[in-house]
Amino acid sequence: MSTFEIVALDPFDAPMFDAWHAAYFVAETHGREGTAAPWQLEELRVLMQQPSGRNWSAGWCGLVAGEVVTAGWLQTPLLDNLERASLSVHTVPDARRRGHGTAMLAHLEQVALDRGRMLIGAESSWGYEAGADGVGEPGPEFLRRTGYDLALSDVQRVATLPVPEEVLGRLAAEAAPHHAAYSLRSWSGRIPDELVLGWAELTASIATEAPTGGLELEPEVADVAMVREQEDVVARQGRAKYNTVALDAEGAVVAYTDLATTIHEQGRAYQWGTLVRRAHRGHRLGLAVKVANLRLLQRERPDITRLVTYNAEVNEHMIGVNEQLGFVPVARLGEYLKRLA
Ligand SMILES: CC(C)(COP(=O)(O)OP(=O)(O)OC[C@H]1O[C@@H](n2cnc3c(N)ncnc32)[C@H](O)[C@@H]1OP(=O)(O)O)[C@@H](O)C(=O)NCCC(=O)NCCS
């Protein structure tokens with residue numbers, strides 16, 4: 001029987017990187033061909049080739065007879081959450097249940113420990129019908145077996161675009177009297193200079209202001225240089241951003257929503273964050289920014305027919321907003337956590 005060997009991934013070695021991504025991709029999409037939302041090859045290549053000021057990132061190949069059968073990926077935040085790491089393990093279907101995933105996981109945990117990280121996050125997706133704890137599904141079973149606890153249950157939803165303009169117009173008109181003291185601003189691409197500080201501050205708080213279950217996250221550091229760095233990465237990845245903010249009477253950014261398209265997946269867009277500052281909740285700003293952003297997307301990108309979003313299952317308010325826009329549940333995403341001893 002061939003032995004399993006773990007070697008470090010060189011993101012500049014094209015054949016090696018392509019094989020690593022192929023293993024990740026086939027494992028992530030297996031059995032979920034209609035709903036999986038994996039990173040595309042060129043998106044991940046750009047991400048892993050470019051050192052980031054916010055996140056350290058590295059990959060490993062699990063080889064059997066020279067073929068990549070397991071892909072490992074580890075990221076550690078560099079500016080905040082300094083006790084944390086996030087990992088992912090993917091084994092191709094033909095090589096499962098032989099201990100390769102467990103061996104890769106142990107390797108990644110050791111690297112995390114060597115980097116001083118004790119709190120390890122991992123995610124896994126499965127079909128909606130399998131229920132919130134994913135009993136019998138490979139990812140949840142594997143993570144439970146290796147000591148991870150489900151800290152937050154998310155649901156992936158999809159909307160078919162275009163949402164009819166009469167629906168968007170009605171929702172916008174219903175919300176408008178509630179947010180008369182605020183103005184909305186929508187744009188595609190780079191964040192205007194006069195908004196970027198407010199944007200950095202608001203988006204940095206989404207990890208802790210949105211429901212986090214037992215994830216033990218700290219607020220992120222707000223950093224304009226990091227926002228600009230991410231914009232550069234996004235552009236090099238072939239992705240395009242569509243954004244809407246709400247401004248109060250002083251011009252402060254109090255709510256935002258953003259979504260992205262990618263040249264690597266025709267017809268698809270991904271909803272990213274949506275957040276209303278606590279002090280400004282109750283004015284239907286969440287609905288207002290989402291509707292305005294969707295109108296922008298539909299105006300500029302009539303080729304987009306599918307919008308994908310994730311919400312914590314407990315986030316009833318945001319789910320209510322999404323249901324009004326026609327989103328339907330298609331899959332689950334579990335966010336898991338383990339504290340290394
Ligand atoms: C989860 C995954 C990485 C497991 O890879 P693997 O190489 O098969 O893992 P292992 O062989 O080390 O499995 C270890 C244990 O996990 C549990 N397990 C793994 N797959 C399982 C399944 N389909 N059903 C039930 N238990 C399972 C079992 O206890 C297994 O031990 P056993 O085979 O002795 O019963 C693989 O199925 C995969 O790539 N899934 C998609 C990506 C994903 O969800 N990754 C996990 C989080 S990052």
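Ser86 sits in strand β4; strands here are DSSP runs of E with at least two residues, helices are runs of H or I with at least four residues, and both are numbered from the N terminus. The model is predicted, so local features need pLDDT of at least 70 and side-chain atom pairs count only at pLDDT 80 or more, while totals for chains, interfaces and linings use all residues. Residues are numbered from 1 along each chain as its sequence is written.

Is Ser86 buried or exposed? Ser86 counts as buried because it has 21 C-beta neighbours inside 10 Å. The cut-offs are these: buried means 20 or more other C-beta atoms within 10 Å of the residue's own, exposed means 12 or fewer, and partly exposed lies in between, with C-beta atoms placed from the backbone. Leaving out residues up to four places away in sequence, Ser86 touches Gln75, Gly121 and Ala122. A contact means C-beta atoms, placed from the backbone, within 7 Å. Ser86 and Ala122 are 36 residues apart along the chain, yet 5.7 Å separate their C-alpha atoms.

Now the ligand. Its shell holds 21 residues, and the closest are Arg96, Gly101, Pro138, Gly139 and Glu141. The largest share is that of α4, with six residues. By class, the shell has six nonpolar, nine polar and six charged residues. Here Ala, Val, Leu, Ile, Met, Phe, Trp, Tyr, Cys and Pro count as nonpolar, Asp, Glu, Lys and Arg as charged, and the others, Gly among them, as polar.

Next, the cores. In soluble globular proteins, nonpolar side chains tend to be buried together. A nonpolar core is a set of buried Ala, Val, Leu, Ile, Met, Phe, Trp, Tyr and Cys residues joined through C-beta atoms within 7 Å. The largest one has 31 residues, of which Ala246, Ala255, Tyr256, Leu285, Ala288 and Val289 touch the most other members. Two or more residues each come from α5 (165-175), β8 (239-247), β9 (253-262), β10 (268-276), α9 (285-300) and α10 (316-324). The most come from α9, which gives eight residues. Beyond its neighbours within four places in sequence, Ala255 has contacts that include Val245, Ala246, Leu275, Leu285 and Val289. Another core lies apart, with 28 residues, among them Ala27, Val68, Trp73 and Ile120.

The domain assignment, which comes from an automatic or database source, gives domain 1 (4-117) and domain 2 (158-331). Their centres, taken over C-alpha atoms, are 29 Å apart. The contact between them takes 15 residues from domain 1 and 19 residues from domain 2. On the domain 1 side, four are nonpolar, six polar and five charged.

Some loops hold backbone details. Asn81 is not a glycine, yet has a positive phi of about 50°. Asn81 lies in the loop between β3 (67-77) and β4. Arg284 also has a positive phi, of about 60°, and lies in the loop between β10 and α9. The peptide bond from Leu161 to Pro162 is cis, with omega near 0°. Pro162 belongs to the loop between β6 (149-160) and α5.

Finally, the whole chain. The secondary structure comes to 10 helices and 12 strands. Of the 341 residues, 35% count as buried.

Notes
Two residues are in contact if their C-beta atoms, placed from the backbone, lie within 7 Å. A residue is near a molecule or strand if its C-beta atom, placed from the backbone, lies within 6 Å of it.
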